[in-house]
Amino acid sequence: LKKIYDQFGLNSRQCEIIAHAIPKRDYYFQSRSGNRLFDLSLGPIALAFCAASQKADHQILSKIKNEGEPSDFLALYLKEKNLSWALPLIEHFNRS
């Protein structure tokens with residue numbers, strides 16, 4: 001990872017900050033105005049969609065693509081991620 005961090009121009013203190021960050025929650029932002037570590041604090045539903053980067057996530061997505069109908073994707077995916085409880089909330093939001 002050090003090589004990648006070096007390519008981004010990070011110094012040793014910045015690398016240390018990132019090393020202590022919590023994956024998929026803490027993010028390090030660099031700009032001309034300054035640098036900052038921030039907590040994105042996504043909930044379980046947002047994480048299921050925004051942080052689906054593991055091999056198991058890809059397997060779930062492939063399974064749903066191969067076995068399910070596109071219109072059923074949301075329900076099938078949330079069920080696979082043990083988030084079925086969110087479906088009524090989403091349906092309520094869609095009706096509003």
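Entry 1: I counted a salt bridge when a side-chain nitrogen of Lys or Arg is within 4 Å of a carboxyl oxygen of Asp or Glu. The model is predicted: local features need pLDDT of at least 70, side-chain atom pairs count only at pLDDT 80 or more, and totals for chains, interfaces and linings use all residues. Residues are numbered from 1 along each chain as its sequence is written, and side-chain values use heavy atoms, with hydrogens and water left out.

I noted that Arg25 meets Asp26 at 3.0 Å, N to O. For Arg25 and Asp39, I found the closest N and O atoms 3.6 Å apart. This second pair links distant parts of the chain, 14 residues apart: Arg25 is in the loop between α2 (12–19) and β1, and Asp39 is in strand β2. I took helices (H or I, at least four residues) and strands (E, at least two) as DSSP runs, numbered from the N terminus.

Entry 2: I used three classes: buried (under 20% relative accessible area), exposed (over 50%) and partly exposed (in between), with a 1.4 Å probe and protein chains only. Asp26 counts as buried at 14%, whereas Arg25 is partly exposed at 32%. Asp39 is also partly exposed, at 40%.

Entry 3: Asp57 lies in helix α4 (residues 55–67) and Lys81 in the loop between α5 (73–80) and α6 (87–95), so the pair ties together parts that are 24 residues apart in sequence. I recorded Asp57 as buried at 7% and Lys81 as partly exposed at 25%.

**Entry 4: the largest pocket.** I read a volume of about 240 Å³ for the largest pocket. Of its 13 lining residues, the closest to the centre are Tyr5, Ile18, Asp26, Tyr27 and Tyr28. On a 1 Å grid over the protein atoms alone, a pocket is an open set of points where a 1.4 Å probe fits, with protein on both sides within 12 Å along at least five of seven lines; lining residues have an atom within 4 Å of a point. The volume is the space filled by probe spheres set on the points, which are joined across faces, edges and corners. I saw that strand β1 (residues 26–31) gives the most to this lining, with 4 residues.
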